[in-house]
Amino acid sequence: MEQVGFIGLGIMGQGMAHNLLKAGFPLTVWNRTASKAEPLLAAGAAAGQNPAEVAARSDIILICVSDTPDVENVILGENGVLAGVKAGSLVIDCSTISPIVTRKLAEKLAAAGAAMLDAPVSGGSEGAARGALSIMVGGEAKDVERAMPVFEAIGKKITHVGPIGAGQTVKLVNQILVVGNCLAMCEALLFAQAGGVDTAKALEAVAAGAAGSWMLSNRGPQILQRDWRPGFTIDLQQKDVRLILNAADELGVPLPGTALIFQLYRTLQAQGLGSEGNHALVKALEHLAGFEIEPLPPSGS
Ligand code: NAP
């Protein structure tokens, strides 16, 4: 069995790394904030001192950190993956970042004899915890085949979508749909409140029909409880929308809906709400409407 390394144990990385351990992979982990590695060390993972050491001890190295400069730092920085990676190893980046920078990083790793796949994921913190992610993979077919046992430990739907960088492009397709769904959900729940209907019953009724979506089923109830804990933070969501708009600008494609959502999230960041969940988008609409969705009464009342 190949030795696996995992770098970046945030909301997504925690669940993914736990599922690799459960699948029986020998695992070495590293996180910038060391305390986040503790649950994994308790579950049987080994600790790497830095990304270079994780790479040196692993045949397959997964990365799941925040943004493009963070992946660059983890791979190219001092004590980064490139400083420790062995020839013949495979680096899999599961973060959502720029497709262009992805291709540059793959070239640098190739010069050290290592291969790279971009494998961004979808399915939220729930999907990461349950090993049920959708994984969009870019790279060489032989590397995808090699990575398949690892992907099957963390995901349910694994799609090889094209050459290196293609996974990130498809992830941005995914994110156009995610933010559009989120805005539709927020408008719909606000309208339900204004219409004087029971918002929980409205949600239950429409989630089962043609309007149903992952966003509605997972984040709709959170809005009704006014529970703003993040599965995915506004700051990271906004990072993805920026990646979409930059790519769309280069491609000359108009995305007016996505551009509007970027501005709405900006209002929430300006109010210091960037660490709340992306479903807190409803707060921007509540501000425009001049009323709030009433919280559900505590259960049992
Ligand atoms: P998160 O909980 O904020 O975790 C971010 C992780 O990146 C943390 O481990 C953080 O380390 C690490 N990190 C950030 N900058 C770093 C740097 N410069 N050097 C080293 N480590 C760094 O975020 P997340 O929700 O897990 O998201 C991680 C990636 O998955 C993002 O690209 C995101 O877009 C993508 N994603 C997220 C979701 C979701 O629903 N949450 C779904 C699909 C894809 P510290 O602990 O030290 O801060």
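Predicted model: local features only at pLDDT ≥ 70, side-chain atom pairs only at ≥ 80, totals over all residues.
Which residues does Ala-280 touch, not counting residues up to four places away in sequence?

1. **Ala-280.** The residues touched by Ala-280, with those up to four places away in sequence not counted, are Trp-228, Ile-234 and Leu-268. Ala-280 itself lies in the loop between H13 and H14. Its relative accessibility is 0%, and Ala-280 therefore counts as buried.

2. **Helix H13.** This helix covers residues 256-270 and has 15 residues. From its first C-alpha to its last, H13 reaches 21 Å, close to the 21 Å expected at 1.5 Å a residue. Thr-258, Ile-261, Phe-262, Leu-264, Tyr-265 and Leu-268 are the buried residues of H13. Leu-268 in this list is also one of the residues that Ala-280 touches. The buried residues of H13 pack against H9, H14 and helix H12 (234-251). After H13 comes Gly-272, with a positive phi near 80 degrees.

3. **Leu-264.** With neighbours within four places in sequence left aside, Leu-264 is in contact with Leu-183, Leu-281, Ala-284, Leu-285 and Leu-288. The C-alpha atoms of Leu-264 and Lys-283 are 9.4 Å apart in space, while the two residues are 19 residues apart in sequence.

4. **Helix H9.** Residues 166-194 form H9. With 29 residues at 1.5 Å a residue, H9 should span 42 Å; the end C-alpha atoms are 43 Å apart, which agrees. Gly-196 follows H9 and has a positive phi, near 80 degrees.

5. **H9 against H14.** Two packed helices are described by the angle between their axes and the distance between the axes. For H9 and H14 (residues 281-289), the angle is about 45 degrees and the axes are 9 Å apart. The two helices are therefore oblique to each other. H9 passes H14 in a right-handed crossing. On the H9 side the contact is made by Cys-182, Leu-183, Cys-186, Glu-187 and Leu-190, and on the H14 side by Leu-281, Val-282, Leu-285, Glu-286 and Ala-289. By class, this contact of H9 with H14 has eight nonpolar and two charged residues, with no polar ones. Leu-183, Leu-281 and Leu-285 of this contact are also among the residues in contact with Leu-264.

6. **H9 against H11.** H9 also packs with helix H11 (residues 214-224), at an angle of about 45 degrees and with the axes 10 Å apart. This makes H9 oblique to H11. The crossing of H9 and H11 is right-handed. In H9, the residues involved are Val-178, Asn-181, Cys-182, Met-185, Cys-186 and Leu-189; they meet Met-215, Leu-216, Arg-219, Gly-220, Ile-223 and Leu-224 in H11. The residues of the contact of H9 with H11 divide into nine nonpolar, two polar and one charged. Cys-182 and Cys-186 of H9 take part in this contact and also in the contact with H14.

7. **Burial in H11.** The buried residues of H11 are Met-215, Leu-216, Arg-219, Gly-220, Gln-222, Ile-223 and Leu-224. What covers them includes H9, H14, helix H7 (124-130) and helix H10 (199-207).

8. Most residues other than glycine have a negative phi. Just after H11, Arg-226 takes a positive phi of about 50 degrees. Arg-226 is placed in the loop between H11 and H12. At 19% relative accessibility, Arg-226 counts as buried, the limit being 20%. Asn-79, likewise a residue other than glycine, has a positive phi near 55 degrees. Asn-79 is found in the loop between helix H4 (68-76) and helix H5 (81-84). With a relative accessible area of 39%, Asn-79 is partly exposed.

Methods. Residues numbered from 1 in each chain as written. Heavy atoms only, no water. Axes fitted to C-alpha atoms, helices over the stretch in contact; angles between N-to-C directions. Helix = DSSP H or I, 4+ residues; strand = E, 2+ residues; numbered from the N terminus. Parallel < 35°, antiparallel > 145°, perpendicular 65-115°, else oblique. Left-handed = near helix turned anticlockwise from the far one by under 90°. Contact = heavy atoms within 4.5 Å. Nonpolar A, V, L, I, M, F, W, Y, C, P; charged D, E, K, R; others polar. Expected span 1.5 Å × (residues − 1). Buried < 20%, exposed > 50% of the residue type's maximum accessible area, 1.4 Å probe, protein only.
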